[in-house]
Structure formats: structure tokens, C-alpha cells
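Here are a few notes on side-chain contacts, jotted down for when you open the model. Have a look at the aromatic and charged pairs first.

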Amino acid sequence: AFTVGGVLIHCHKRKGHGSLNFAAGLQQSCNPVFMQVGARVGVEAFYDYFRSFGYLEKTGIDLPSETGSIFHKKENIHEVELATASFGQRFNISMIQQITAVAAVANGGNLVTPHLLERFTDSENRTMLAYATKIKRRVVSESTCRTISEILEGGVSGGGGAKNAYVCGYKIAAKTGTSEKLNGKRVGSCVAYAPADAPRIAAIIMVDEPSSGIVYGSVVAAPYISSLLSNILP
């Protein structure tokens, strides 16, 4: 656990992980690691990155009625709010926002506008409308993306929290998540992209209020990411 602003906040692993560096903390989803990183980054930079990755705006996907996010106003982010936000609690984002942000890491640092289709063709296969890749902005550097990709891949192949997303013969970069809802129930998720060193596909699976009694994204979502990518990658 880690105390922030007088509040003791636990990791999901109550007995603790032991000594962890940043990479292992990310792979094991260690809340105290995230909280300490959040404190080092600070409110200003954290909020700027949150905004840069597109979490405060709609993605612009070509679907009707896209929803936005719910996040703290910057002036209302204090020690505890920063700590809980650093490991993904106390705010709401959409799945398309999340996978778009993760895709920015996968593609080398550029936030792009997602689309359902690449192009429209007529009955003679002539292109009537095509969507070119629209880069909104650069969020982080290519070298940072390579570092994060290596860490996330290591969390899959090396027995981290996303090990159930493993696909034999392929490098998978993945991150699981488990969020607690206001009603006390959970949302388990897994987001992944592959191959980790030259991504071609990104995917996200979220399980709202899993009924199995096991609620962690590593169990309720990661195996299905593995199954999905096992079919797609070949």
C-alpha cells in the first residue's frame, strides 16, 4: 500500500509484490508504483498527457452519437485524485478512446482519427470515398513507444499480469485492467497490439460486471484477446 494525502491506498495484491522497478510495476499493475510515478510527473504534466492522448475529446470516429469522457477538472486534481487517476480509477473513458490512445503507442507516438472503413467502392470496385490516415498530433516519441512496447511484451512473454494474452510464435504487447464501479462491481479488460515490434493490429476486450466470481482482466479478458489474435495474426 501507499499513503497519499493521509489516505492509505492498497494494491490489488494485498500482500505486496516486493521490490519492483517501473517495468515490473507496469507489468504487474502495481498501484503503489503508479501512484509514485503520478506524484513524480505532477498534476500539470499528467493532465497534459491525459489530454494529448485524446481522453478529453471525442475521437471523431464515423459513428453517430459518440460519447465523451468524464474526468476531473484540473483545478480539482489534488494528491488523492492524482494518485487514483494514475492507476485508472475515478474517471470514465470510452473503449474507442482507450484503443485509440493505445494505438498511438503502437504506431510510434501519433494520435490518429479512427474509422470503421478504409474506403467505399461501387459495384465495379472503383473507389468512391477513401479515408486517409489523419494524424491529430504527436503525443510521445518513437523511442518512448519502443520502451513501453518492450515492457508490455515482456509482461506477456515473461509471466506478467497479461501472460494470458500470449500467442505462440508472436510478440504480443498487452495490458490488463480491473476497475471498480460505484456499485462495487468490476470491469475487467485487456488491450493489446501485435506484433509488438511491428504492430499491424490492435484490439480491446472489456467485460462489464463479470459474473464468474473472478473479476480480474487478466482472467476474464486476456484469454479472449489471445484467442482473437491467434485467429487474426496468421
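1. Rings of Phe, Tyr and Trp (its six-membered ring) pair if their centres lie within 6.5 Å; planes under 30 degrees apart count as stacked, over 60 as edge-to-face and the rest as tilted. On that basis, Phe-46, Tyr-47, Phe-50, Tyr-55, Phe-71 and Phe-91 make up one aromatic cluster.

2. Ground rules: this is a predicted model, with local features needing pLDDT of at least 70 and side-chain atom pairs pLDDT 80 or more, while totals for chains, interfaces and linings use all residues. Numbering runs from 1 along each chain as its sequence is written, and side-chain values use heavy atoms, leaving out hydrogens and water.

3. There are seven aromatic pairs. In one of them, the ring centres of Phe-71 and Phe-91 sit 5.3 Å apart with planes at 85°, so it's edge-to-face. Phe-71 is buried at 17% relative accessibility, and Phe-91 is buried at 18% (buried is under 20% relative accessible area, exposed over 50%, partly exposed in between; 1.4 Å probe, protein chains only).

4. Salt bridges (a side-chain nitrogen of Lys or Arg within 4 Å of a carboxyl oxygen of Asp or Glu) come to 12. Among them, Asp-48 and Arg-51 meet at 2.7 Å, N to O; Asp-48 is partly exposed at 31%, and Arg-51 is partly exposed at 38%.

5. Asp-122 bridges to Arg-126 at 2.8 Å between the closest N and O atoms, and Asp-122 is buried at 19%.

6. What links Lys-181, Lys-185, Asp-208 and Glu-209? A network of salt bridges joins these four residues. Within it, Asp-208 and Lys-181 meet at 2.9 Å, N to O; Asp-208 is exposed at 51%, and Lys-181 is partly exposed at 27%.
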